[in-house]
Amino acid sequence: MAEAALNAQRVTAKAAEQHNVQNVSAPQWRNALFVAPYLVVFVALLVIPLFWGIWISLHKADAFGVGKFVGLTNYVRLYNDHIFLQSIGNTFYFVFLTVPALAVIGLFLALALNRRTRTAAVLRAFYFSSSVLSVTIVTLIWRIVFIANFGLLATICGWFGVTPPAFLSDARLAMIGIAIATVWWCIGLPMMLFLSALQQVPGEIYEAAALDNASRWRTLRYITLPSIWRTFVLVVIIQIVLQFQLFGQARLMTQGGPNNVSKPIVLYIYEAAFTKWDLGLGAAASEVLFVLILIAAMAQYAASRRKGDEG
């Protein structure tokens with residue numbers, strides 16, 4: 001009887017175990033409830049507007065509603081609009097000016113401030129503080145710096161008898177002035193991302209390098225940079241996506257001038273859709289911008305991944 005009772009207990013325990021396993025793995029759709037809020041927001045704010053924009057770009061649309069279907073007419077109009085083509089060149093030029101500067105300067109600041117001292121903490125807060133400012137405040141500050149004759153830069157140059165560069169009115173310098181203001185404004189995020197990555201590198205590796213009398217350059221090249229390479233790629237891709245969306249600085253500092261040399265794609269979209277009320281043309285331009293951002297980000301990711309695999 002003792003053996004029969006023991007067998008019965010084993011059967012009961014096995015049945016209970018199977019029941020618990022079934023409860024753990026049963027209805028898998030319950031797991032989707034945890035990501036459902038994010039999916040709803042993602043679809044509502046990103047997916048639906050994307051396809052809605054594509055649909056509008058294929059129609060003649062204005063402030064009074066969507067009109068007849070015109071196919072690719074709006075895209076042909078963009079192709080024949082030299083101002084739009086110029087805005088594409090302006091945007092790429094701006095990305096070329098800002099993204100490498102943000103990545104390199106952000107990395108330099110992170111390396112310099114990766115210390116456990118009060119001074120480093122204060123400087124980190126100081127450099128990051130500009131990132132919390134609104135674009136209106138940033139452009140106001142830099143207009144005060146760049147304004148001709150009375151600006152801070154003009155005053156400093158006047159002390160030395162030097163003619164100040166006209167960043168806001170010179171066609172050759174307008175985009176450079178906007179890039180300087182943007183780098184000052186956005187440098188906090190790359191710096192903090194690099195700092196986070198640097199603090200994840202084991203200290204024992206640096207101790208071993210010090211015992212081998214490795215120079216700072218060799219340590220940076222063979223230890224630090226390979227260890228934070230993924231973060232470097234992330235920073236570059238994030239900045240590409242962000243800087244392709246240049247709008248506020250160009251609108252508030254130069255109004256896209258002089259002679260449209262500082263007009264980015266987003267400012268062109270704004271003027272087409274909300275100044276001329278040509279929503280179809282604005283939607284078509286926004287889809288072109290989406291494709292350009294996607295291509296640039298994927299190309300950077302593919303190139304960096306290939307380089308990482310070779311290394």
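## Overall makeup

Of the contacts in the chain with a separation of 6 or more, 70% are between residues 24 or more positions apart. The model is predicted. Its chain holds 15 helices and 2 strands.

Of the 311 residues, 34% are buried. The chain exposes about 19,700 Å², and 67% of that area is supplied by carbon and sulfur atoms.

## The largest nonpolar core

The largest nonpolar core has 31 residues, and those touching the most other members are Trp142, Phe146, Ile178, Ile228 and Met253. Two or more residues of this core come from each of helix 4 (82-113), helix 6 (135-146), helix 8 (174-186), helix 9 (188-198) and helix 13 (248-253). Helix 8 gives the largest share, 7 residues.

Which residues does Phe146 touch, not counting residues up to four places away in sequence? They are Leu153, Phe167, Leu168, Gly177, Ile180 and Met253.

## A second core

A separate, second core has 21 residues, including Val95, Ile265, Leu292 and Ala296. In soluble globular proteins, nonpolar side chains tend to be buried together.

## Helix 12

Helix 12 covers residues 229-243, which is 15 residues. From its first C-alpha to its last, helix 12 reaches 21 Å, close to the 21 Å expected at 1.5 Å a residue.

Which residues of helix 12 are buried? They are Thr231, Val233, Val235, Val236, Ile237, Gln239, Ile240 and Gln243.

Notes: Residues are numbered from 1 along each chain as its sequence is written. This is a predicted model: local features need pLDDT of at least 70, side-chain atom pairs count only at pLDDT 80 or more; totals for chains, interfaces and linings use all residues. Side-chain values use heavy atoms; hydrogens and water are left out. Helices (H or I, at least four residues) and strands (E, at least two) are DSSP runs, numbered from the N terminus. Buried means under 20% relative accessible area, exposed over 50%, partly exposed in between (1.4 Å probe, protein chains only). Contact means heavy atoms within 4.5 Å. Accessible areas come from the Shrake-Rupley method with a 1.4 Å probe; for residues, only the protein chains shown count as cover. The expected span of a helix is 1.5 Å times one less than its number of residues. A nonpolar core is a set of buried Ala, Val, Leu, Ile, Met, Phe, Trp, Tyr and Cys residues joined through side-chain atoms within 4.5 Å.
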